[in-house]
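User: I'd like to understand the terms used for this protein. Could you walk me through them?

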Amino acid sequence: MLNRKSEVRPIVSELLDTYQVLGLESFCAAFYEKLLQQKVKFPLLEFAAEETYQQLDETEHLPFCRQIAAHQTMGGNVVVAIILKERIPKHLNESFAEAAKFIAQGQEWYVSDLIGERVFGNGILQFPEEALEKLKRLREHESKWVVRSIGAGSHLATKRGINKEVATKVLQLLLSLGDSKEHQVRKGIGWAAKTMARFHPDIIELHRKEIAAASIGNWFRRKVNIGLERHRHAQSH
């Protein structure tokens, strides 16, 4: 298990030397062997991905992501997500589109959550209007994993401190999926609803009527109530 940045930094430096001398194919193979086949904490994989983003030629970011994703490792999803996240300021459309592709291909809850949080969540934080419009369109995606990831992104953005105006729009997005019968979508959207209630109970109060509507599933209200209870618990300590 690699636990410290001091352990990972020389490995990343060696990998980047490999990239400079031997090119992308050799770099991807070595990255998989040295980091993704080992037990490495997620923050350290994020560090490795950030360094990779800085050093790789921009035209090789996405080919790198595709080769890493092909190995189907849990840590690989963290690395792919960070590369796409770093590209958001210049390539918002592309980052969201590529994230959806990787999530759909992954077909696992953790792929949905790891990529959804880091890409969609940071998209909401950086460019809320544009990001939320894109997430609205993803509600119709054929993959349940992609729809679930809307919840993961909304959770992270809410937890990281979106303002009241953006939080209200996020809640409306969540409510628009509050009638879902799909288990995976409920898991993701319910997670975000719980976080919204914990961090913005006042917004929940303002939208009580919509949350209580017959079209909204009881599963959604249960998650909201859990979030409100966690808020009250936090306030009393």
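Analyst: Happy to go through them, one term at a time. This is a predicted model, in which local features need pLDDT of at least 70, side-chain atom pairs count only at pLDDT 80 or more, and totals for chains, interfaces and linings use all residues. Residues are numbered from 1 along each chain as its sequence is written, and side-chain values use heavy atoms, with hydrogens and water left out.

User: Why is Glu98 called buried?

Analyst: Buried means under 20% relative accessible area, with exposed over 50% and partly exposed in between (1.4 Å probe, protein chains only). Glu98 has a relative accessible area of 8%, so it counts as buried.

User: What makes the Glu98 and Arg66 side chains a polar contact?

Analyst: A polar contact is a pair of N or O atoms within 3.5 Å, where one must be able to donate a hydrogen and the other to accept it; residues adjacent in sequence count only if both atoms are side-chain atoms. The two side chains make such a contact at 3.3 Å.

User: How do you know that the span of helix H13 agrees with its 18 residues?

Analyst: Helices are DSSP runs (H or I, at least four residues), numbered from the N terminus. The expected span is 1.5 Å times one less than the number of residues. For H13 (residues 218–235) that gives 26 Å, and the end C-alpha atoms are 26 Å apart, so the span agrees. Among the buried residues of H13 are Trp219 and Phe220.

User: How many helices does the protein have?

Analyst: There are 13 helices, and zero strands (E, at least two residues).
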